[in-house]
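Thank you for making the time, everyone. Please have a look at the chain on the screen before I start, and then I will walk you through a few of its parts.

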Amino acid sequence: MSAPASSISHSAAISSTAPRIVIAGAGPAAQALARQLDRARFTGTITILSNRDDVTEELLEVAALPQVSLRFGQPASFIEAATRTVTTADGMEFSYDQLVIATGSAPEEAPVEGSGHCLSYSTIDDAARIGEAVKDLTSELGRRPLGILVGTGAAAGQAEAVLRARGVRPVRTTVRPAVVKPRKPGPELNTAGIVFADGSSMNGDIVVLAEERVSRDGLAASAGLRTAPGGGIAISQDFRTSVPGIWAIGDAATFDGVRLGLLVAAASAAGACAAQLMSASSAGTVLQAAA
């Protein structure tokens, strides 16, 4: 079958016995994993199934990696673990030796009006972005910024620690605002504070939303993979799921009841998972050769 227009592939001709890795998802965790496999000189094929139609610079860089075939607008919709095949939403089937689910997470609620003017904290990787924003704002204002933190749970706790480590002592509220007020016109990051549904408000130079998120684990659950009571694909320390040949990384995964994104940075998780995949793929190649 010829590749559709919605795919980008730079894969070289390879043996039919070469290991095949399929990644369901094309977010930061999936991109980091593809890069780590490239650094580890993986010699099989890597197929990335993305639910996105837009072509970002980061995705183009990943698509340019050797052995990578990136399928835009073709999200994985069904897994047949017994035959090790994945079917996309438009009916295409992809066989795999190892499948990695990296479908991420989604906010529990609709975005707050004006949230584009503030920062969000959902994974450890957001810490660096917050740190840069605080540094830039401190330079712009000539003083330490006044911070507001919205949220409860582990994400909010981590976000507060990040802000305090950078010299910001935020006022924390568990009440969700109705609007984030910009300090000046324009789409860029800038806030004057927040307004609640009852009309009351809080003023601040920087607002961080650390709201609860839900792991996108529907694909895994439909394939019979074990999920955590609070949501998320249950994984072991080596990123294996309850079904052989299927792994999970990023915010789709849960370890010991906590979203993986709150436990380890995407690059670190991808590096460790890539090492496991390389080992599993090597073992699979040996078995194929011996068969």
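This is a predicted model: local features need pLDDT of at least 70, side-chain atom pairs count only at pLDDT 80 or more; totals for chains, interfaces and linings use all residues.

Let me begin with a definition, since I will be speaking of pairing throughout: two strands count as a pair if DSSP finds at least two bridges between them. With that in mind, strand S11 and strand S16 are joined by 4 bridges and run parallel, and within this pair Gly-147 stands opposite Ile-206 of S16.

The average pLDDT of the chain is 90, and 91% of the residues reach at least 70. Among the elements, the highest mean belongs to strand S8, residues 98-101, at 98, while the lowest, 63, belongs to strand S1, residues 7-9. Over residues 1-5 the pLDDT falls below 50, and this stretch makes 5 contacts in the model beyond near neighbours in sequence. Residues 285-291 are also below 50, with 3 contacts counted in that way.

Now back to the sheet. Which strands form it, and in what order? There are 4 strands in an open sheet, ordered S10-S16-S11-S12, with parallel pairing. Strand S10, residues 119-120, and strand S12, residues 171-173, each have a single partner strand, which means that they stand at the edges and that one side of each is left without a neighbour in the sheet. The partner of S10 is S16, residues 206-209, to which S10 is joined in parallel by 2 bridges, and here Ser-120 has Leu-209 as its bridge partner.

A helix also packs on this sheet, namely H4, residues 153-165, which touches S11, at residues 147-150, as well as S12 and S16. The direction of H4 makes about 170° with that of S12.

Are the side chains of S16 buried or exposed? Ile-206 and Val-208 point one way from the strand, Val-207 and Leu-209 point the other way, and all of them are buried.

Finally, let me turn to helix H1, which covers residues 28-39, 12 residues in total, and spans 16 Å from its first C-alpha to its last, close to the 16 Å expected at 1.5 Å a residue. Several of its residues are buried, including Ala-29, Gln-31, Leu-33 and Leu-37. After H1 comes Arg-41, with a positive phi near 60°.

Methods:
Residues are numbered from 1 along each chain as its sequence is written. Side-chain values use heavy atoms; hydrogens and water are left out. Contact means heavy atoms within 4.5 Å. Axes are lines fitted to C-alpha atoms, for helices over the stretch in contact, and angles run from 0 to 180 degrees between N-to-C directions. pLDDT is the predictor's confidence in each residue, from 0 to 100. The expected span of a helix is 1.5 Å times one less than its number of residues. Buried means under 20% relative accessible area, exposed over 50%, partly exposed in between (1.4 Å probe, protein chains only).
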